[in-house]
Amino acid sequence: MLKLPPFHRADLRRLRSLFFATLAWPLTGFGGEPALELFDREIKPMLDTYCYGCHGGGIGKGGVTLDEFTTSAELKDHKLWLRALKNVRSGIMPPADEPHLPAADAAKLAEWIKRQAFELDPAKPDPGRVTVRRLNRTEYRNTVRDLTGVEFDTKLNFPVDDSGHGFDNIGDVLTVSPMLLEKYLDTAQTIIASAVPAGPIAVAEVAVPGQQFKTLASSPVIIMPLAVEPTPGADTPENAAAPAVERPAPIVVGSALELSYYTPVVVRATHRAAHAGAYQLVLELRGVERFADNQFDYNQCRLVLKVDGEQVFTREFSREGGKPLEFTIDRTLTAGDHELAVEIQPVGADRPQLRQLRLRLNAVTVRGPMAKEFWVTPKDYARFFPRAVPADLADRRAYAGEILQNFATRAFRRPVDANTITRLAALAETGFTAPGATFEAGVAQAMVAVLASPRFVFREEDVEPLRPGQTHPLVDEYALASRLSYFFWSTMPDRELCRLAAEHRLRAQLPAQVSRLLQDPRAEELVKNFTGQWLQSRDIAGVAIDAEAVFLREHPPTREAREARTTIRRINDIPDAKRTPEEVAALAEARLLRGDRSRSAAPQLGGRLREAMQGETELLFAHILKEDRPLTELIDCNYTFLNEELAKHYGIPGVTGRTMRKVMLPPDSPRGGVLTQGTVLAVTSNPTRTSPVKRGVFILDAILGTPPAPPPPDIPALEDAASPEKLRQMTLRETLALHATNPVCHSCHSRMDPLGLALENFNALGQWRTQEMNRPIESAGQLITGEKFADIRELKRILATGHREDFYRNVSEKLLTYALGRGVDYADTDTLDQLVVRLDAAGGRPSALIRAIVESAPFQQRRRAPSSSPVATAALTQAQSSAPLPR
């Protein structure tokens with residue numbers, strides 16, 4: 001379907017005239033030959049030899065027929081030929097047991113698809129459709145931080161962004177509801193009130209950050225047994241030991257200090273009051289929750305704040321939902337040093353404790369003295385008001401316009417027209433000329449309008465004048481600056497990018513700027529946001545894994561133990577007072593027979609371990625990016641990134657401490673690459689067991705770029721393949737084989753299952769295992785493309801070498817999608833081919849791919865006018881018509 005950009009009626013009339021004129025044109029191939037005749041002469045014989053056995057002569061496997069084209073127009077089925085092109089290039093078609101399409105014929109077919117079916121002209125690349133893009137939560141948070149200095153928690157205040165094509169920065173799905181528009185206005189007021197001083201002087205504030213609070217050097221470390229860990233090599237928890245585990249200690253997180261609910265501790269800091277007088281102490285906290293295995297922690301603690309040994313505040317905390325907490329205490333202080341002490345007192349230590357709750361001490365801010373004679377110039381005053389406020393009204397108006405022009409130019413990420421500045425200055429004047437108002441408060445009111453404007457919330461773009469020979473114009477350099485900064489940093493352009501754009505020199509200095517952007521610490525956003533979604537590493541924080549069920553699948557109970565558990569459940573349902581002596585005795589005997597199979601016997605996927613797993617994936621990608629290593633090391637390499645806890649979880653010795661660091665792996669290690677990392681292994685598992693299907697789909701989608709079609713609606717569940725009694729005796733390989741005997745299931749499972757079963761030596765917690773249901777695990781298999789492998793080590797080598805081009809094409813498509821904020825379609829085929837060629841020529845080094853992307857037509861150019869999703873268009877219209885905001 002042809003998609004037209006909105007609001008350009010003259011262009012629409014010209015396009016309509018052109019469309020009707022082209023109805024009389026013949027659809028032709030190269031040299032003027034009609035496309036259907038070219039297809040019949042050059043392509044059809046090839047398809048007859050290699051494809052029509054399944055997709056011709058009345059046979060249409062997979063719903064695909066390739067011999068029923070009767071007109072040239074029917075050949076323009078973009079979806080059909082894109083699917084065919086991908087299958088031929090990946091080796092899926094023809095099948096491995098059929099004659100293979102020679103490389104020359106495959107290249108000939110690909111060229112015909114691009115030039116005839118897709119009608120692509122490599123000399124005039126189509127940059128594709130552009131949708132007006134709203135800032136997602138991450139981009140909004142980072143942009144506000146760089147613009148105003150305020151750290152605003154968008155995850156807490158904004159709804160979750162929708163995802164499309166695997167990413168949450170896709171313009172088509174970044175919807176805007178009326179409620180979200182209201183939130184933008186409320187948020188703008190909150191941010192400006194926090195950032196912009198309301199007057200030239202204010203009460204002095206000194207923040208004592210959490211990291212400055214220290215425990216006494218002589219404080220003992222409290223040791224107690226927290227969990228039963230399996231002894232290495234043991235098969236049952238009866239052989240397990242109960243090691244001593246250190247209670248959670250205070251942890252420095254940035255400038256804050258996290259305090260466990262379960263560790264009695266006192267932390268202290270000193271504040272020097274310059275003057276005696278009335279003060280306010282602002283205690284800034286946040287509840288932090290890290291839940292493992294979908295289990296919740298209802299334990300409590302009591303926090304006490306003392307000043308010079310005197311208690312001034314106390315409160316009990318339980319689950320706080322991660323929200324910020326702020327408490328203000330009035331206090332009179334003398335001049336001199338004062339000790340601030342924060343004490344944690346555990347409450348309910350006798351309750352079962354999952355140890356997932358912490359209080360984050362962000363700061364204790366001391367405000368005062370409150371007497372106006374001691375007020376000072378507010379923090380960051382010069383950032384917003386670089387010189388003294390004039391007395392004359394006209395001069396004030398001009399100064400307000402100057403301030404707002406600078407602020408709006410940065411906020412809108414491009415120069416602002418004079419009419420907008422006039423309106424903003426008038427809004428500020430209305431504010432600061434009101435009785436009792438200050439100049440600063442009036443300017444702040446206009447700044448609220450800037451942050452609530454669609455020009456801030458949406459990424460506005462413009463184009464350069466069309467040059468001779470160009471089909472599509474270049475985006476202007478301000479738009480290019482934004483595309484670069486949001487690609488690499490997920491935030492607004494910095495002053496260097498803006499300066500080069502203003503001088504019209506950014507495009508000329510693109511290679512140097514790409515290197516600078518990648519070397520900047522803010523490029524960590526690319527690592528987190530791209531890998532977190534492409535490789536699903538950020539999903540590890542919330543994935544539900546029942547560690548006990550996973551453990552019992554690998555250490556199945558005896559028949560007697562299962563019967564004992566049934567007895568325990570039956571008798572536990574009877575109130576204590578109504579149990580007979582026989583039932584009491586039976587319960588005691590059943591507990592002995594069952595043995596110690598409590599949840600604590602299984603390794604727990606706790607909050608810190610999940611963070612380490614996510615860090616392992618991000619650090620691997622960051623290392624490859626920074627060192628410009630081959631991207632195939634994401635599939636197979638001889639190193640990884642670990643700390644002590646993660647190394648112990650993996651069974652890798654010799655790693656100590658909490659700091660993540662690069663660790664070289666033994667030559668025979670199955671680890672190395674993302675497929676054997678805890679993030680992928682846990683995220684692609686079910687709550688109680690591994691899922692070879694999910695793991696196979698992950699490899700097909702994230703690595704090879706050939707995801708299977710969605711399953712039909714009435715496909716039976718895997719657990720329905722056999723009776724519960726029989727399933728308890730079957731391995732997953734056997735269950736899948738039985739399930740795949742259904743012809744409807746076989747075609748997809750023949751692609752997914754060998755890949756997923758190769759990872760069966762890793763359980764749902766990401767740990768290595770050799771048995772399931774007391775039977776050895778078989779990980780050997782054969783890919784649908786014919787290659788055989790004995791284990792995950794061989795599979796990784798096959799994927800990294802034999803399917804290297806498939807991986808290059810897929811990672812190129814994923815990164816291009818992320819960079820453009822839109823899905824890749826048939827019109828991008830030439831662009832993707834060029835990216836793969838450059839990446840392969842550079843030995844798979846990411847620098848080559850990134851430079852090729854930012855130099856490509858879709859990144860550099862744009863069609864005449866951007867299209868808008870219906871929701872975005874409606875939101876823009878409503879915002880512009882219902883609020884006095886710059887448009």
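A salt bridge is a side-chain nitrogen of Lys or Arg within 4 Å of a carboxyl oxygen of Asp or Glu. In this predicted model, Arg522 forms such a bridge with Asp494, and the closest N and O atoms are 3.8 Å apart. Arg522 sits in the loop between α16 (510–519) and α17 (524–534), while Asp494 sits in the loop between α14 (477–488) and α15 (495–502), so the bridge ties together parts that are 28 residues apart in sequence. Arg522 has a relative accessibility of 25% and counts as partly exposed, whereas Asp494, at 14%, counts as buried. The side chain of Arg522 also meets that of Asp520 in a salt bridge, at 3.0 Å from N to O. Asp520 is buried, with a relative accessible area of 18%, because the cut-off for buried is under 20%.

Leaving aside neighbours within four places in sequence, Phe488 is in contact with Arg522 and with residues including Val514, Leu517, Leu526, Ile850 and Val854. Phe488 belongs to the largest nonpolar core, which has 73 residues. Phe488 is one of the residues with the most contacts inside this core, along with Leu484, Phe487 and Trp534. Helix α29 (residues 804–820) gives the most to this core, with eight residues. Apart from this core lies another, of 48 residues, among them Tyr184, Ile421, Ala428 and Ala444. In soluble globular proteins, nonpolar side chains tend to be buried together.

The side chains of Asp833 and Lys114 meet at 2.7 Å, N to O. Asp833 is in helix α30 (residues 829–841) and Lys114 in helix α5 (residues 103–117), and the two are 719 residues apart. Both partners are buried: Asp833 has a relative accessible area of 10%, and Lys114 has one of 8%. The pair is part of a network of salt bridges that also links Arg89, Glu111, Arg115, Glu805, Arg809 and Asp830. In total, the structure holds 52 salt bridges.

The chain as a whole can now be described. The protein chain contains 33 helices and 20 strands. Of its 887 residues, 49% are buried. Among contacts with a separation of 6 or more, 73% are between residues 24 or more positions apart. The accessible surface comes to about 41,300 Å², and carbon and sulfur atoms account for 54% of that area.

Conventions: Residues are numbered from 1 along each chain as its sequence is written. This is a predicted model: local features need pLDDT of at least 70, side-chain atom pairs count only at pLDDT 80 or more; totals for chains, interfaces and linings use all residues. Side-chain values use heavy atoms; hydrogens and water are left out. A nonpolar core is a set of buried Ala, Val, Leu, Ile, Met, Phe, Trp, Tyr and Cys residues joined through side-chain atoms within 4.5 Å. Buried means under 20% relative accessible area, exposed over 50%, partly exposed in between (1.4 Å probe, protein chains only). Helices (H or I, at least four residues) and strands (E, at least two) are DSSP runs, numbered from the N terminus. Contact means heavy atoms within 4.5 Å. Accessible areas come from the Shrake-Rupley method with a 1.4 Å probe; for residues, only the protein chains shown count as cover.
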